[in-house]
Amino acid sequence: MGAATFQRNNYLYFVGFFLDRPIEYLKGVGPLRGDLLKKELHIFRVEDLLGHYPFRYIDRTKIFPIRAISEDSQYVQIKGRLIYFDEVGNKFNKRLIAHLRDDTGQIELVWFKGIKWISKRLVTGAEYLVFGKPSVFNGRLNIVHPEEMELISQQSLEKAPGLQPVYPSTEKLKAKGLDSKGILRLVRTVLDELEEKDLPEILPESILRKYRFIPRHEAVRFIHQPPDEKGQQQAVRRLKFEELFISQVRILQVKAGRREHAQGFIFTNINKAFDRFYHHHLKFQLTGAQKKVLKEIRQDVLSGKQMNRLLQGDVGSGKTIVALMTMLMAIDNGYQACLMAPTEILAQQHFRNIKHLLGDLEVKTELLTSAVKGKIRRQVLEELSAGTIHIVAGTHALIENEVQFNNLGLVVIDEQHRFGVAQRAALWEKSEHPPHVLVMTATPIPRTLAMTIYGDLDVSVIDEMPPGRKPVVTRHLFESKRLAMFGFLKEQIAKGRQVYVVYPLIEESEKLDLKNLMEGYESIVRTFPPPQYRVSVLHGQMKAEDKEYEMQRFIKGETHIMVSTTVIEVGVDVPNATVMVIENAERFGLSQLHQLRGRVGRGADQSYCILMSDYKQSQEAKTRLETMVKTNDGFQIAEVDLHMRGPGDIEGTRQSGIMNFKVADIVGDSVILKEARHTAQELLNDDPHLEKPENYPLRAFLSDHQPHKKQWSKIS
């Protein structure tokens, strides 16, 4: 093991060569296992192995009597004598069953895989320690595929640690002897060679004292080799804080750097377009929340710094009006504005809404999507380049190379999580000087998640609905109530209202027992026959012109019912549509259900959302449907969704690259996250560039552990 001390940026920093050693050179690894560790677990160096933390511990001091175990028990450890074992079943459902007995009772151990390998190693009459999750089958208690099964000897009992770590592994690694125990052996090899100087402290002494953290080298050792439960908890608490603190320091540095260096256009004039629209074209009063957000945006565009603001607002809260009035600020100062939406339907909807809201105001607005072709497309491109188009709404077609702006001053991105980072960057780079950026989302993000995903953006929230809007009444119905539901739809149509019926699939699936759109369409037409009723259909596999035709029929009131897939999830706005029926609602996620419900309730009439489902559904599905019936609040729904699915599964968060925490959990560790955020902000307020001697180690760590990805913070 070697080490070196060298000078960087006028301060000394210690680096241990040992931790930088390629993983294949660690004793017990070699080229084959090394390649597998890289591919399966992204472990490239010894340091990466140390950062591969246990996800659970087996307390080897706790042994449960078999009599005390039930199917409701969590993971348990038992000790007993193997009475006998046997292979049962034919070649299609063969399984190995072993019978383990202690002084209190008997339990079956069952394997469906690796039967030959396991049976060769079982010893009848021997004592075993077994760890696993109990279950019941045919009235008999069993443990299927025990996670640990160790032959007991006096020596093994004496050496058994109190808390044995259990490591994540994969089938390919297990096949090469790198199951949890195999990884544990490698970790112990590293810990035997590790010295305190290999893991220098990176947190300032003041933070260590404030939170009474154990040293970094101790925390890493204790998480792998806990001396006791208290030591393990101290290690986890320290490492969780460190992970979250480092992420918050990075985010806040990016935000501060942007404010310091990214010069922005200054919109000093608020006159002709903005004033005329506000006083003569706005047909309703802005809510207090909308006024507050516009004031925040106004401060941004007067600051001389590039605006990067996230606008969160529930469906129907009036984000589009705020975006339009921001675009008018740009136009009043001689700049162009563009609005990019993720789908053709949403882009067309924005275009129509903007044209309608502007009326006879002298603001030239155009649409640019892949469906705009030929002479019209060439004309739009020429006028954009010449600067005669003030506002352009479009899809990803806006980022194509042939699209050139004359003076782009503002970029509005709607439902930003649906765009890749590089796509957003291409739009941002359409201007030589960085335009102001307003990102809109109707997917509410819980505060703890927003602090992490959008921590480098300024966040505005429209938390107030326009006056006169009635909350959507949501009902959950089973199949037995279908005829009553159809009767209700006929009542609504008789009142002059329109209806959405949404299905999860377009064509029949052999794997999923779901109602599909085409069968559903035929069923609806039978129940609502022409000419009394008119039904249209819409799905993602239709041609753009066909989708537009069907959508226009519905918007004009020429059809009573729109049978659709989730293509209408975002942005479709038909105030006369008052009923949303969602078939197989148990198959949809909470966020998607909430977005679909947001397509109704756009007018002054009472609207309804009917969730149709099968009787048979998971506990998670029941929770989702109960939540939808209970509340219309998107932020409450987002909190439930976050707790149910975890942050990495929330739409748009995986691509951000910041969900890859090794030990921290931003849902369960929200208190630690807030502490880390506050502490990072205090530190950077005191020492923005980490130039004080006590902050040198942190600065060096941040420099040596840069994320291996391009920084897109300025555009998202």
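Analyst: Here is a short walk through the fold, the cores, the spaces and the salt bridges.

User: Great, what kind of model is it?

Analyst: This is a predicted model, so local features need pLDDT of at least 70 and side-chain atom pairs count only at pLDDT 80 or more, while totals for chains, interfaces and linings use all residues. Residues are numbered from 1 along each chain as its sequence is written, and side-chain values use heavy atoms, with hydrogens and water left out.

User: How many helices and strands are in the protein chain?

Analyst: The protein chain has 25 helices and 24 strands. Both are DSSP runs numbered from the N terminus: helices are H or I with at least four residues, strands are E with at least two.

User: And what share of the residues is buried?

Analyst: Of the 716 residues in the protein chain, 52% are buried. Buried means under 20% relative accessible area, exposed means over 50%, and partly exposed is in between (1.4 Å probe, protein chains only).

User: Okay, on to the inside. Which residues touch the most other members of the largest nonpolar core?

Analyst: That core has 60 residues, and Phe277, Leu324, Met327, Leu328, Leu358 and Leu368 touch the most other members. Helix α13, residues 319-332, gives the most to this core, with 10 residues. A nonpolar core is a set of buried Ala, Val, Leu, Ile, Met, Phe, Trp, Tyr and Cys residues joined through side-chain atoms within 4.5 Å.

User: What does Met327 contact?

Analyst: If you leave aside neighbours within four places in sequence, Met327 is in contact with Ala337, Leu339, Ile354, Ile391, Leu410 and Val412. There is also a second, separate core of 35 residues, which includes Leu37, Leu49, Tyr167 and Leu199.

User: Why would residues like that group together?

Analyst: In soluble globular proteins, nonpolar side chains tend to be buried together.

User: Switching topic: how many cavities are there of 30 Å³ or more?

Analyst: The structure holds two.

User: How do you define a cavity, and a pocket?

Analyst: Both come from a 1 Å grid over the protein atoms alone: a cavity is a set of points where a 1.4 Å probe fits but cannot get out, a pocket is an open set with protein on both sides within 12 Å along at least five of seven lines, and lining residues have an atom within 4 Å of a point. Grid points are joined across faces, edges and corners, and a volume is the space filled by probe spheres set on the points.

User: So what's in the second largest pocket?

Analyst: About 1200 Å³ of space lies there. Of the 30 residues lining this pocket, Trp117, Pro146, Glu147, Lys174 and Asp179 are the closest to its centre. Strand β10 supplies the largest share of the lining, four residues.

User: Last topic: how many salt bridges does a search of the whole structure find?

Analyst: The search finds 30. A salt bridge is a side-chain nitrogen of Lys or Arg within 4 Å of a carboxyl oxygen of Asp or Glu. In one of them, Asp20 pairs with Arg45, the closest N and O atoms being 2.5 Å apart.

User: Where do those two sit?

Analyst: Asp20 lies in helix α1 and Arg45 in the loop between α2 and α3, so the pair ties together parts that are 25 residues apart in sequence. Asp20 is partly exposed at 36% relative accessible area, and Arg45 is partly exposed at 25%.

Terms used: Contact = heavy atoms within 4.5 Å.
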